[in-house]
Amino acid sequence: GVSFGLNLSYLYGTLAESSVIDGNPFAQTSAGNGFTMDIGIMGPVKGNLYFGINFENVFGIMWWENYDFDQLPFGIRTGLGYIMGTTNIVADWHKMFYRFGDIEHDNLYSVGIEQYLGNVVVLRAGVQSYSVSKTDELKYTYGAGINVSIVSVSVAGETYKIKEEQVSQYSVSVKVCIWDDRRIKKTCKRI
């Protein structure tokens, strides 16, 4: 069937500014708090083909200590996914809308594959680009996950170029799912 989702997030961040005024260096940092709300819908199109759309930062605002507030950019992410047994193939398009006009890289195209090896291990690989015609701007993504009982651990990486320099970054996430027998509901928390 069709699934609907609502995500509310609390944000905390730090903003830094530096410059030289009349020959004197100036630097300032400011902490900020905010919130966002995302709304999504996903459902089957035909057979194992699924369609989804997510509206990001429907309401998204940051308040800064030493500055005014910032309205976060509104985003639309839409895509298709195809499930073949233990393999998922996905493609999506992500468009950001900024309050002060568009920027150069506001469209992101992604394709990826996810392969489950039994019920415990999952492998992931993908590619992203701001342009379907510029292969030198590709970002390669990869990762693996392990699901044991109520704990899921994922390791992910991405490799791309910044001014002809090869850059890689990695992340690790842990998700713990807890069953609440009184409400027969599963609650998952990321650490």
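The following legends describe an overall view and several close-up views of a predicted model. Residues are numbered from 1 along each chain as its sequence is written, and side-chain values use heavy atoms, with hydrogens and water left out. As the model is predicted, local features need pLDDT of at least 70 and side-chain atom pairs count only at pLDDT 80 or more, while totals for chains, interfaces and linings use all residues.

**Figure 1. The protein has 12 strands and zero helices.** Strands (E, at least two residues) and helices (H or I, at least four) are DSSP runs, numbered from the N terminus. The C-alpha atoms fill a box of roughly 65 × 50 × 30 Å along the principal axes. Of the 191 residues, 24% count as buried; buried means under 20% relative accessible area, exposed over 50%, and partly exposed in between (1.4 Å probe, protein chains only).

**Figure 2. The second largest pocket has a volume of about 280 Å³.** A pocket is an open set of points on a 1 Å grid over the protein atoms alone, where a 1.4 Å probe fits, with protein on both sides within 12 Å along at least five of seven lines; lining residues have an atom within 4 Å of a point. Grid points are joined across faces, edges and corners, and the volume is the space filled by probe spheres set on the points. The lining comprises 12 residues, and Tyr130, Asp136, Glu137, Leu138 and Lys161 lie nearest the centre. Strand 8 (121-129) and strand 10 (151-162) each supply at least two residues of this lining.

**Figure 3. Ile150, Val151, Val153, Val155 and Val172 make a nonpolar surface patch of about 370 Å².** Such a patch joins nonpolar side chains (Val, Leu, Ile, Met, Phe, Trp, Tyr) within 5 Å, from residues with over 30% relative accessible area and no salt bridge (a side-chain nitrogen of Lys or Arg within 4 Å of a carboxyl oxygen of Asp or Glu). Accessible areas come from the Shrake-Rupley method with a 1.4 Å probe; for residues, only the protein chains shown count as cover. Strand 10 gives the most to the patch, with three residues. Val153, found in strand 10, is partly exposed because its relative accessible area is 33%.

**Figure 4. Asn57 and Ser149 have positive phi values although neither is a glycine.** For Asn57 phi is about 55 degrees, and for Ser149 phi is near 55 degrees. Asn57 is in strand 3 (residues 49-64) and counts as buried at 16% relative accessibility. Ser149 is placed in the loop between strand 9 (139-148) and strand 10 and counts as exposed at 77%.

Methods
Patches are made of residues with over 30% relative accessible area and no salt bridge: like charges are joined within 9 Å, nonpolar side chains (Val, Leu, Ile, Met, Phe, Trp, Tyr) within 5 Å.
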